[in-house]
Structure formats: C-alpha cells, structure tokens
Amino acid sequence: MSSGKMAWALQWISTMAVFAVSVSATVHKVGDSAGWTTLIPVDYAKWASSKQIHVGDSLLFEYNTKFHNVLQVTQEQFKSCNASSPVASYNSGADSIPLKRPGTFYYLCGFPGHCQLGQKVEVKVIAGSSSALLGPASGPGPSPSPMGTPFASAPPPSAASTLSYFFSPICLLVAALLYCVCV
Ligand SMILES: [Cu+2]
C-alpha cells in the first residue's frame, strides 16, 4: 500500500467523521412555510411544541427586514414583550441561530406591536444530539460496532458494512504494517 493511498484513507476517515456529526444537526425553520411574520397568524407556541429541538440544531428565522427582526430576550422580557434590552439581536432576514446548550430560549420581534400580536417564540432545547450516534444514554440495547453506526442510515447496508470494515482501526493497522514492510 502506497503512502498516497494511506493519506487517502485517512482523509476519508476524517471526512466521514465530520459527516456523521453534521448529519445529526437539524435546522428548524421557525413558523415552517409561513416563516417569521405577523401577516399570517402563526401560533409559534404550537410550532415550538411540535418540534424536538436538540443541542447542535439551529433555528432559522426568515422574514422581510423592513417589517421584522429577531431579538433574543429573557423570560421576563418575553412575558411582557419588552424589547428594550435584548440578550442578542438579529436582522439579516435569514438568521440562522445555532443552539449550543440545553435550556429554554426566548425570541420576539422588536417592531412595535408585533410581539403583542403573537410574534414571539419560546424554544426548549433538549440536551443530547437528535442522532442515535451521540446519544447512548438510553441504556444498553443492541450496540453495533462504533464504526458501523454512522453509516447505518445513509448508504445501502452492503456498502455500509464494506466501508466500516475497510476503515476499521484494525484494517488501518494492517495497512500501516504492510506499508512499513514494503518500504
Ligand atoms: Cu415583526
């Protein structure tokens, strides 16, 4: 096995690792197709309760910047629609907000009267990833090999098992030994 192939294999392993992590993150578009608006009466509380939002996911607020913005506020400010001193503010019209820790987060529109009209959303972020890969907290159960898991849902099983075998640590070790012997 040449060093070129070794490098290729290593690159693939790192690519797959990144893929396995990124696949677990979900983008939640606030209000779904309606977006972040007051034109259509959207029940944002209902929207939020219909979602399972995990750490690592992100929120997407889409709106017309002439009429809306997004302010992250405290619970107290949320209750009273107080937009005077937000924790964070967004105004791109397509704000992607990564959710990095568990907890409840509060967002409202800072334009006069909009929060009172219902343009506010309370988002509960649950600890742990939405993927089974990073969530072994649910007890024992069947535990496949660590390398097999990331491929379980994406490619066909035959390709998955071949890939996981090919990139298994033992296989790498053998490849490294062969490389040393040959050179
Ligand atoms: Cu607004």
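User: In this predicted model, which residues of the largest nonpolar core touch the most other members?

Analyst: The model is a predicted one. Its largest nonpolar core holds 18 residues. Strand 3 (58-62), strand 4, strand 7 (103-108) and strand 8 (120-126) are the elements that give two or more residues to this core. The core residues that touch the most other members are Trp-36, Leu-59, Phe-61, Val-70, Tyr-107 and Leu-108.

User: How many helices and strands are there in the protein chain, and in what order do the elements run from the N terminus?

Analyst: The protein chain has 5 helices and 8 strands. Read from the N terminus on, its elements run α-β-α-β-β-β-α-β-β-β-β-α-α.

User: What percentage of the residues in the protein chain is buried?

Analyst: A residue counts as buried if 20 or more other C-beta atoms lie within 10 Å of its own. The protein chain has 183 residues, and the buried ones make up 20%.

User: Among contacts between residues at least 6 apart in sequence, what percentage joins residues at least 24 apart?

Analyst: The contacts considered are those in the protein chain between residues at least 6 apart in sequence. Of these, the share that joins residues at least 24 apart is 70%.

User: In what order do the 5 strands of the open sheet lie?

Analyst: The pairing in this open sheet is mixed. Strand 2 (53-54) and strand 5 (88-90) are its edge strands, each pairing on one side only. Strand 2 pairs with strand 8 in the parallel sense over 2 bridges, whereas strand 7 and strand 8 pair in the antiparallel sense over 6 bridges. The order of the 5 strands is 2-8-7-4-5.

User: Which residue in strand 8 is the bridge partner of His-54?

Analyst: Strand 2 and strand 8 are parallel and share 2 bridges. The partner of His-54 in strand 8 is Ile-126.

User: Which residue in strand 8 is the bridge partner of Tyr-107?

Analyst: Strand 7 and strand 8 are antiparallel, with 6 bridges between them. The partner of Tyr-107, a core residue, is Val-121.

User: Which residue in strand 7 is the bridge partner of Leu-71?

Analyst: Strand 4 runs antiparallel to strand 7, to which 3 bridges join it. Strand 4 (residues 70-73) is also joined to strand 5 by 3 bridges, again antiparallel, and there Gln-72 has Ala-88 as its partner. In strand 7, the partner of Leu-71 is Leu-108.

User: With which residues is Leu-108 in contact, leaving aside its neighbours within four places in sequence?

Analyst: Leu-108 is among the core residues that touch the most other members. Its bridge partner Leu-71 is also one of its contacts.

User: What distance separates the C-alpha atoms of Glu-122 and Phe-78?

Analyst: Glu-122 lies in strand 8 and counts as partly exposed, with 16 C-beta neighbours inside 10 Å. Not counting residues up to four places away in sequence, Glu-122 touches Ala-45, Ala-48, Phe-78, Thr-104 and Tyr-106. Glu-122 and Phe-78 are 44 residues apart along the chain, and their C-alpha atoms are separated by 8.3 Å.

User: In the open sheet of 3 strands, what is the order?

Analyst: The pairing in this sheet is mixed. Its edge strands are strand 1 and strand 6 (94-98), and the twist from one strand to the next averages 25°. Strand 1 runs parallel to strand 3, with 3 bridges between them, and Lys-29 stands opposite Leu-60 there. The order is 1-3-6.

Note on methods:
Residues numbered from 1 in each chain as written. Predicted model: local features only at pLDDT ≥ 70, side-chain atom pairs only at ≥ 80, totals over all residues. Pairing = 2+ DSSP bridges. Helix = DSSP H or I, 4+ residues; strand = E, 2+ residues; numbered from the N terminus. Core = buried A, V, L, I, M, F, W, Y, C linked by C-beta atoms within 7 Å. Buried ≥ 20, exposed ≤ 12 C-beta atoms within 10 Å, placed from the backbone. Contact = placed C-beta atoms within 7 Å. Axes fitted to C-alpha atoms, helices over the stretch in contact; angles between N-to-C directions.
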